[in-house]
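Okay everyone, thanks for coming. Please have the model open while I talk, and stop me whenever you like.

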Protein chains: 2
Amino acid sequence: MSDGVRSRERRKADTLAILAGRGADVWVASASGDGPYLVPLSLAWIGERVVLALGGSSRTARNIVELGTARLGAGHTRDVVMIDAVLERSVPVGQAGEIGERYAAQADWDPRGAGDDYVYLVLRPDRIQAWREAHEIAGRLLMRDGVWLV
Amino acid sequence: MSDGVRSRERRKADTLAILAGRGADVWVASASGDGPYLVPLSLAWIGERVVLALGGSSRTARNIVELGTARLGAGHTRDVVMIDAVLERSVPVGQAGEIGERYAAQADWDPRGAGDDYVYLVLRPDRIQAWREAHEIAGRLLMRDGVWLV
């Protein structure tokens, strides 16, 4: 370790701790023909997937279902976990089974009482980067094409 | 004040404090035909404009110049300032004048030494919303069509 730069092994461990943290949030960037959209949402980390819960008719849900991708910023602006993710499936809250249990256990709310329009979007990370500030830009790539590099 | 819900006047004051804070950062969502993009950047709040400094050939700069808009998330996921902004102008670092001085005074770095490719993007807020958690969703709209509502 020089100058406080974390090893990639350390960054992976820190990344997993951020994603699995109780009450963890993520900034969700999506896009449509109207341009970029951004909202903060709670997340659950289930089976190496990012699971979001939101209204199926919300702009974020419509964008992600339409385009099939999202870019997610977890952590803080100076302790970033950046994830390029691919939509794997959309699950109505009434049919969620174990996902519903696990989402409620990690997030601090339970969308199963929020209305029939709510869905879980299950997103598969394709690329994960982690850095704190400029000194950690080198070595920030932890996952490429869905495969952990460390 | 009921249930800790801030008035819109209070939210405006808090918003301005976040945007003018020394070392303030913002999550910058932009979009292109390739989909959404997201990065955290430092900002300066100059004359009611959000000023970013970044490489002119970076993906974020190219997206914003191409589309003319960005969506910016300042504060934290549970103390959000959300800004839909329009690009007003792009200024090369070598020609920045007062913007360069004021950016360096607020941010904790100075792009004027970062290379000729760097530019300041001056973004005019068109819509600003501020909320902490779900209880503050109502009343979150503070600026519409570039005009403060409070």
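**Helices, fold and interface**

Let's start with helix α2 of chain A: what covers its buried residues includes β1 (25-32), β2 (35-42), β4 (49-55), β5 (69-76), β6 (79-92) and β7 (118-131) of chain A. A word on terms: helices (H or I, at least four residues) and strands (E, at least two) are DSSP runs, numbered from the N terminus. Buried means under 20% relative accessible area, exposed means over 50%, and partly exposed is in between, with a 1.4 Å probe and protein chains only. Contact, or touching, means heavy atoms within 4.5 Å.

Also, please remember this is a predicted model, so local features need pLDDT of at least 70, side-chain atom pairs count only at pLDDT 80 or more, and totals for chains, interfaces and linings use all residues. Residues are numbered from 1 along each chain as its sequence is written, chains are lettered from A and ligands numbered from 1 in the order in which they are written, and side-chain values use heavy atoms, with hydrogens and water left out.

Back to α2(A), which runs over residues 59-67. Which of its residues are buried? Thr60(A), Ala61(A), Asn63(A) and Ile64(A). They sit on the same side of α2(A), because they cover an arc of only 165 degrees around the axis; the arc is that of the directions from the helix axis to the C-beta atoms. If you want the background, an α-helix has 3.6 residues a turn, so residues three or four places apart point the same way. Turn to the face away from the buried side and you find Val65(A) and Glu66(A), both exposed. After the helix comes Gly68(A), with a positive phi near 85 degrees.

Ile99(A) counts as buried because its relative accessibility is 11%. Setting aside residues up to four places away in sequence, Ile99(A) touches Ile46(A), Val51(A), Arg89(A), Val91(A), Tyr120(A) and Val122(A).

Zooming out, chain A has three helices and nine strands. Going along the sequence, the order is α-β-β-β-β-α-β-β-α-β-β-β. The radius of gyration of chain A is 16 Å, close to the 15 Å from the globule rule for 150 residues, so the chain is as compact as a globular protein of that length. That radius is taken over C-alpha atoms, and the rule is 2.2 Å times the number of residues to the power 0.38. Of those 150 residues, 49% count as buried. And among contacts in chain A between residues at least 6 apart in sequence, 63% join residues at least 24 apart.

Next, the other chain. How many residues of chain B are in contact with chain A? It's 28, in contact with 28 residues of chain A. Between them the two chains bury about 2,200 Å², 66% of it on carbon and sulfur atoms. Buried area here is the accessible area (1.4 Å probe) that two parts lose on being put together, summed over both. In chain B, Trp27(B), Pro36(B) and Leu38(B) lose the most area to chain A, together 31% of what that side buries.

His76(A), in strand β5, is partly exposed because its relative accessible area is 47%. Leaving aside neighbours within four places in sequence, His76(A) is in contact with Trp27(B) and His76(B). Then there's Thr77(A), in the loop between β5 and β6. Is Thr77(A) buried or exposed? At 19% relative accessibility, Thr77(A) counts as buried. Its side chain makes a polar contact of 2.7 Å with the side chain of Asp25(B). By polar contact I mean a pair of N or O atoms within 3.5 Å; within protein, one must be able to donate a hydrogen and the other to accept it, and residues adjacent in sequence count only if both atoms are side-chain atoms. Not counting residues up to four places away in sequence, Thr77(A) touches Arg132(A), Asp25(B), Trp27(B) and Pro40(B).
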